[in-house]
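Please keep the sequence and the structure in view while reading.

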Amino acid sequence: MSKSEIQEESPMEVYDANTTAPLSSHKAHHASSIRDVSSYWSNLATSKLEWFAPHVGGASGALSGSLIDGSVSWFAGGKLNVCHNAVDRYCHAPYDRGNDVAIVWEGDEPTSVLRITYDELRMEVCRISNALMFGGVRRGDVVTLYMPMVPELAMTMLACARIGAVHSVIFAGFSADAIADRIQDANSFYVVTASEGRRGGRVLPLKSICDDAISKERCANIVRRVFVFDGKDEGGDKWEEGKEGKHVRFTPLVASMRPVCPCVWMDAEDPLFILYTSGSTGRPKGLVHTTGGYALFAMVTTANSFGLSQQTGPSDPHNMSNRDVYACVADAGWITGHTYIVYGPLLNGLSTFMFESTPMYPDCGRYWDMVQRHGITVFYTAPTAIRSLMRYGDDAPRRYDLSSLRVLGTVGEPINPAAWKWYYDVIGNGRCSVVDTYWQTETGGHVIANLPGITPMKPGSCTLPCYGIDLAVLDPTTGKEIETSPAEGVLAIKQPWPGMARTCLGDHQRYLAVYMKPYPGYYFTGDGCRRDEDGYIWITGRVDDVLNVSGHRIGTAEVESALVAHYSVAQAAVVGIPHEIKGQGICCYVTLVEGYPETDALVKELYLAVRTHIGPFATPDMIVVNGALPMTRSGKIMRRILRKIASSELDTIGDTTTLSDPSVVDELILKVDKFF
Ligand code: WT7
């Protein structure tokens, strides 16, 4: 480790693992990339992707529309297919890499490992494409995927892309209610699931959760067909085709299909997928990502942030040392998996890793065991996983040979310096770059990240904007851009970039209201931040009512609506609390309808209500029942006070005399105290 020249006002440590290029040239390159974003991205689009037909308007016309009215489009008129770019092109000249591994899958048990070559992937994706079309799926249809972390998930996403269908992946931790809401919102006629999945030695009954969802009234008349892959193990597949009218046994159907299926020519602006995410209202929004812009952004950011490059020629089987083994251990059900497990790596012709299990199964050495067995060079995970593994000490990682590692990525929330240092020292042995990647479901890919070997690192900062990203820190009250550093404000982006979500499915007004209208002319991230004098960005967290629990985004309003849907709940207010492992935990305050006394059984039901409405990952950390909540005299719940009580910040609770009944505060303080 060597300290670089950069000094901070506070004694901040700076690391520059193997920096090869001066920071000034990186900054100059960034400055030139945002001078003319249309040409910058157009040149990359031409050199990185294979197009069936070029976009209209040349380099200067690649971008049209603006952030002001939310009419952005990239490479319009250009024709391409993402599946062709991520799979087929690597099977033939000039790449000729059909025999190279595209996907390494490691199942729940460390002994179940599959390696799938680009040729095999192409043929299987073609079979799935043909099977989907045979089952009725047509271009433009939304196909809902509720799948375990198995290769078929990535293959089905790619098959949708191939035939022009729009996938909507729902993370396998979501409940039947949440699936039903999303199927209805997207008007999705088709569902793909598996009879079951496995995680940490437990069986996930995915088909039966799906069955619950589609039997709900709001979905019954929408869903036409449910394609069910067999589970990887025996059992679970005991249902009979034909008995359940809509279900199709998918594994044998796929196997019976021709392994050839032409790629549909899609317009660059055709939707590639939708992905639901939480906002500040109770209803999740389906963000729409498009074909050309998303693919380019996924490809370029994967290569830049992890120091990987497009694999342009046939690899030499006798010399594997120049090949990276890239592993992002997220779930493909979130945007991280979409961009950095499936699309980004495959578009670069790399081999990607799919991991079905958890970092704790069969024990807390699982990740490090995988690094050693597979020779992983780039490893990408979330701070919450690092923190939970850190608790078990250094023994587990020290038992394994981690010398293959070169780059360690982190994503999802600010990483606290202690976790950063453990990752850097114990996992990376002080040799690796820790890449802190800031982005969102909406941005499609990284927008702030250090470049390994280029950007000096400061633990806890996601550092500097990515190429082609024009950041701004805005004063939240005036909306004016703060041009000088240091600065503190809200984080925004000043010019369109290809990977940005284009709309909320079926609700463009909502898209405008949430992202474009708060600060006209800017894309608003919803995050607060600080920029230090080196221009480094420090994310301070969401400024809206969105929580970040173990890197999962959960709207407080969503949890509140799950609670008030329960017959006994009169009022609910949900706030975040600091949590050692999860980053943030969920604290719920409720008042009950008259006549329902607070019993243990009832409170248990309320925890369950959140799990069934959203999913187990949204289970509250505490539910505080009280006769009243702190309200202003005009009847508004004072969430600011609830937040202070929940995090035991009693000395900064502020003035409570404006409350209609200030004594409520003392009652709540006593009740919250009991949880600690
Ligand atoms: C929110 C987006 C994008 C993949 C995972 C989450 C927070 C994300 C970082 C980071 C600080 C981060 C932000 C953002 N966030 N990465 N490196 N440092 N905060 O995607 O569910 O869309 O959540 O996660 O608050 O707005 P998401």
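## Contacts with the ligand

A polar contact is a pair of N or O atoms within 3.5 Å; within protein, one must be able to donate a hydrogen and the other to accept it, and residues adjacent in sequence count only if both atoms are side-chain atoms. A polar side-chain atom of D436 is found 2.7 Å from a nitrogen atom of the ligand. For R553, a polar side-chain atom lies 2.7 Å from an oxygen atom of the ligand. P414 takes part through its backbone: a polar backbone atom there is 3.5 Å from a nitrogen atom of the ligand.

## Basis of the model

The model is predicted, with local features needing pLDDT of at least 70 and side-chain atom pairs counting only at pLDDT 80 or more, while totals for chains, interfaces and linings use all residues. Residues are numbered from 1 along each chain as its sequence is written, and side-chain values use heavy atoms, leaving out hydrogens and water.

## Cavities

Rolling a probe the size of a water molecule over the atoms shows where empty space is left. A cavity is a set of points, on a 1 Å grid over the protein atoms alone, where a 1.4 Å probe fits but cannot get out; its lining residues have an atom within 4 Å of a point. Points are joined across faces, edges and corners, and a volume is the space filled by probe spheres set on them. The structure has 3 cavities of 30 Å³ or more.

The largest cavity holds about 80 Å³ of space. Its lining has 14 residues, with V150, E196, D230, G231 and K232 nearest the centre. By class, this lining has 5 nonpolar, 2 polar and 7 charged residues (nonpolar: Ala, Val, Leu, Ile, Met, Phe, Trp, Tyr, Cys and Pro; charged: Asp, Glu, Lys and Arg; polar: the others, Gly among them). The second largest cavity holds about 50 Å³, and its lining has 7 nonpolar, 3 polar and no charged residues. Among the lining residues are W41, F297 and Y467.

## Strand β17

Strands are DSSP runs (E, at least two residues), numbered from the N terminus.

The bridge partner of E106 in β17 is F355.

Methods. 1 Å grid on protein atoms, 1.4 Å probe; cavity = no way out; pocket = protein on both sides within 12 Å on 5 of 7 lines; lining within 4 Å. Pairing = 2+ DSSP bridges. Helix = DSSP H or I, 4+ residues; strand = E, 2+ residues; numbered from the N terminus.
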